[in-house]
Amino acid sequence: MFDAPAPRVFALPPGADFATELVRGLEARMGDAAPEDWARVELFVNTTRLRRRLIDVFASGPPRLLPRIRLLTGLAADPLLTDLPPALPPLRRKLDLAQLVARLIDAQPEIAPRAAIYDLADSLAALFDEMHAEGVSPDDLDALDITDQSGHWRRALRFLTIARDVVQADTLPSAEARLRAAAEALAKRWATNPPDHPVIVAGSTGSRGPVSILMQAVARLPQGAIVLPGVDRSMPTAVWQGLTAPQPMPSEDHPQYRFAALCADLGLDPSTLPGWTDSHPVAPRAALLSMALRPAPITDQWMSEGPGLGDMRVATDGLSLIEAADPGEEALAIALRLRRALDHGQRAALITPDRVLTRRVQAALDRWGITADDSAGDPLHLTPPGRLLRQVAHAMGTAPGPEEVLALLKHPLTQSGGDRNQHQLNTRRLDAWLRDHGAPHITGATLIEWTKNWPDATDWAQTLGKCLDAIAARSAGPLSELVAAHLALTEALAGEGGTLWDRAEGRKALDAMQALQAEADAGGTISTGDYARLIDSVLLAEEVRRPDDGRPDVAIWGTLEARVGGADLAILAGLSEGTWPEPPTPDPWLNRTLRHQLGLLLPERRIGLSAHDFQQAACAPQVVFSRSIRDAEAETVMSRWLNRLTNLLSGLAETNGPEALDEMRERGNVWVEQARRARALTIASPPAHRPSPRPPENVRPTRFSVTRIETLVRDPYQIYAQNILGLYGLNPLRPDADARIRGTLFHGILEEWLKAGPDLTETTARNGLLKIARAHLADLPWATARVTWMAQIEGVADWLIEGESKRQASATPIAFERTAMFEVPGTGVTLKGTADRIDRAEDGQLTVIDYKTGAIPSPKQIIRFDRQLLLEAIMAEAGAFPDVPAAPVAAICHIGLGSARRDDPHPLREEIGATKNSEGVTLDPDAALLDLQTLLTAYGKRTRGYSSMRAMESRLDWAETAHLARFGEWDLSDPAKPEDVG
């Protein structure tokens, strides 16, 4: 096949359809070869996608036998390398190192939280894998010069030397070490016994040590060759030489650096590499991009060589620039451009490392029923099986609350093998019951208690209750036992015959769990918390390829797939710093200087590879650069490569650079404007008016509690929604220690204490109060509330005893928590009220007392809104309270037990609060009764509407039913619009 002397390295320029051109070059060299000669050609490629693409190109004709197409990552599986031991499973290495990291964190907690154990173990394993791949011995750690390094790196290096002993104790090589050994074995064998058939490595940049060894060996074979993707044929020889010139740190962030380093190892001049074919797509644009991406120290050449690039409108023909306001607008603009490409019969590809952006684009394409062929697939931990496994893992060893339990029960895979409809019905019933009767923690006994309301669900409750109790009962133990229990519990939740492992994502999850089970003996004994974090880490590392239902003419690629090429339209999206290029992953073990001393790859390598992918993709026939000006948090910074390109164009005024840039933006703005119009296409509907429904008289409420009268005055719409429509807000799933519970508790403590008749002159009164308080608080399920409220009672005890001494010197408590029913004369309405306490004085007059743990109303608020005590005084004077004979009420009193301790007795039928500058007010039960009769009579008629938020105390108040009234479409300045309903 090859006549030229070795080593042989061929190049294909950026923008070439790599698979098509590779096959075309093979055809030119094979000529009229026999069919069996085609089958003897051996091709090594770097990705599965390129392998599939080559097969598609070969399948398009003419008929022939296929070459042997192998993956570089499968090099260690060569059948000739029978003497290589099997590789150590990466998971076993991770578990070994995780135990070491855990002991480090236990000894020095300031280094990292326990949640970082498995992330640190992964980074540690990746470091040693890289050392094996690059041929760096772990013993070289001892030779590192750390005299000018900080204490952190000194500690990290000491730990690395300990970890090295663990790694070197392994009897099996790591996967990277085995791959390098395979490459070295093949290179050694081929040096003395070369294969008698053509061997070609295509599509790789040689960035990894084992691959570079293989590529150099292939290039020197009698019938071997390398075909490099995206070689910049426009870059001058001096620039190529500068990339590998001796310098403190190599220029690994340049897109062509890996090619320069490979050619230097082979003794070749990269500027004179022969082409694999005669393909030269979009040569003016390739020259423009080459100039824009030159190394930073020589960008002054823009001024001298830039004008020689020619008319920039020719070089930028086919380029567009989308600058959207936000990621949502960017995604919609991209989706619109992809749809236009499909309408015109073009093959389009979205290329970006931003997976959030790709999901946005997929959602936008879904409105037209377009499903893209996504090369990445879905993260396993976000699939239904992955989520259920994670939920169960995080619940193990804990007392799960109602949120966690209902999340498990509502998972689509729970009870997927039984009567799913009945399961969902029972779950909804349990949900509603827990909001009224639930507790902070849910057990099997809780479910059995629930079955008193639904006895037909007893079997269901018992089965799930046993499972929940088993989940909560798990404790720290050997990893093998935790994995087995985890699988058993998850399968029990799915039910017999469940679909947990049926689909592709289920099979992938089962494989991951079984792999963990196979290596669990290396995990030692761990806590359930660490186990949950391990499951998160294991599932996060896996992806599930989507079913092959995407369209072949619209693809979503990562940046690596850009080398495959073959798209008529390439959209390079997410071109902002921090997204493309992605920042180098922080290395907690070795900094840049120490990595360079060891001979490891620098962090800039990833940026250089990403830059090469950008350069390759930017030379497609039609290209759209896309970015959003700001993200969810702040304004973004334009990607360095796009920034270089726009700066270069802006400076080439004599060759129409600024005009070309403006035209790029104009072509992109077409899609931005269409996206904005699409987002603005909403069905216009007039805003809702401020409601004031007027239902028939026969459905209007005729029973009120005294506390609901304030609601009727302030927000009548709430009475309509709750008392007439029956729309009540749901209680929270997890009951909180709120003001209502605190008030009920304090009322009960004081009632029991006062009923016991304490001697208020003795110190035993305080002890008795605190003893009763402790007994009441003992049953409270919130530990924080128990401590806080007990401290509050202790703080108010002396003040309360002093106040009680003064009150009981002239009056005697005669009733506690007494409920009365009162027919309001002339209205047909029954009023219900519960007095916290009623005292009788020596002259027979009564005082109605209310305990307040919150704010205490002023006399003016009592008259207009908070009428509870006034109404209870009316009921007491009418003799409505059982066992409390009718008598005049001399005063009402609020006793404040909250942060503001107040004892506010207000005499009735006397002016109070008068000053020189303002008149006082009079709390008159007779006047209050007349007002109440007027109010209830008005709301008993059809002509009176229940207006929303009629008299809120503050503009900051939020009514419970404001969302039902569609508050926000109107405001408090809008008049209510009465409307007959029902």
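**Close-up views of a predicted model**

**View 1. Helix α16 and its surroundings.** Helix α16 (residues 384-395), in a model that is predicted, has 12 residues and reaches 17 Å from its first C-alpha to its last, close to the 16 Å expected at 1.5 Å a residue; the expected span is 1.5 Å times one less than the number of residues, and helices are DSSP runs (H or I, at least four residues), as strands are (E, at least two), numbered from the N terminus. Its buried residues are Pro385, Gly386, Leu388, Leu389, Val392, Ala393 and Ala395, where buried means under 20% relative accessible area, exposed over 50% and partly exposed in between (1.4 Å probe, protein chains only). The cover over these buried residues includes α17 (402-409), α20 (458-473), α21 (479-494), α22 (504-518) and α23 (528-540), with contact meaning heavy atoms within 4.5 Å. Just after α16, glycine 397 takes a positive phi of about 80°.

Residues are numbered from 1 along each chain as its sequence is written, and side-chain values use heavy atoms, with hydrogens and water left out. Because this is a predicted model, local features need pLDDT of at least 70 and side-chain atom pairs count only at pLDDT 80 or more, while totals for chains, interfaces and linings use all residues.

**View 2. Arginine 164 in helix α6.** Arginine 164 lies in helix α6 (residues 151-168) and counts as buried because its relative accessibility is 10%. Leaving aside residues up to four places away in sequence, arginine 164 touches Phe128, Pro138, Asp139, Leu141 and Asp142.

**View 3. Leucine 430 in the largest nonpolar core.** A nonpolar core is a set of buried Ala, Val, Leu, Ile, Met, Phe, Trp, Tyr and Cys residues joined through side-chain atoms within 4.5 Å. In the largest one, of 86 residues, Leu124, Leu160, Leu430, Ile471, Leu479 and Tyr531 touch the most other members. Leucine 430 touches Leu406, Leu409, Leu447, Trp450 and Trp460, again not counting residues up to four places away in sequence.

**View 4. The contact of helices α25 and α26.** Helix α25 (residues 604-617) packs against helix α26 (residues 640-651) at an angle of about 50°, with their axes 11 Å apart; axes are lines fitted to C-alpha atoms, for helices over the stretch in contact, and angles run from 0 to 180 degrees between N-to-C directions. The two helices are therefore oblique to each other, given that angles under 35 degrees count as roughly parallel, over 145 as roughly antiparallel, 65 to 115 as roughly perpendicular and the rest as oblique. Ile607, Ser610, Ala611 and Phe614 in α25 meet Arg640, Trp641 and Leu642 in α26.
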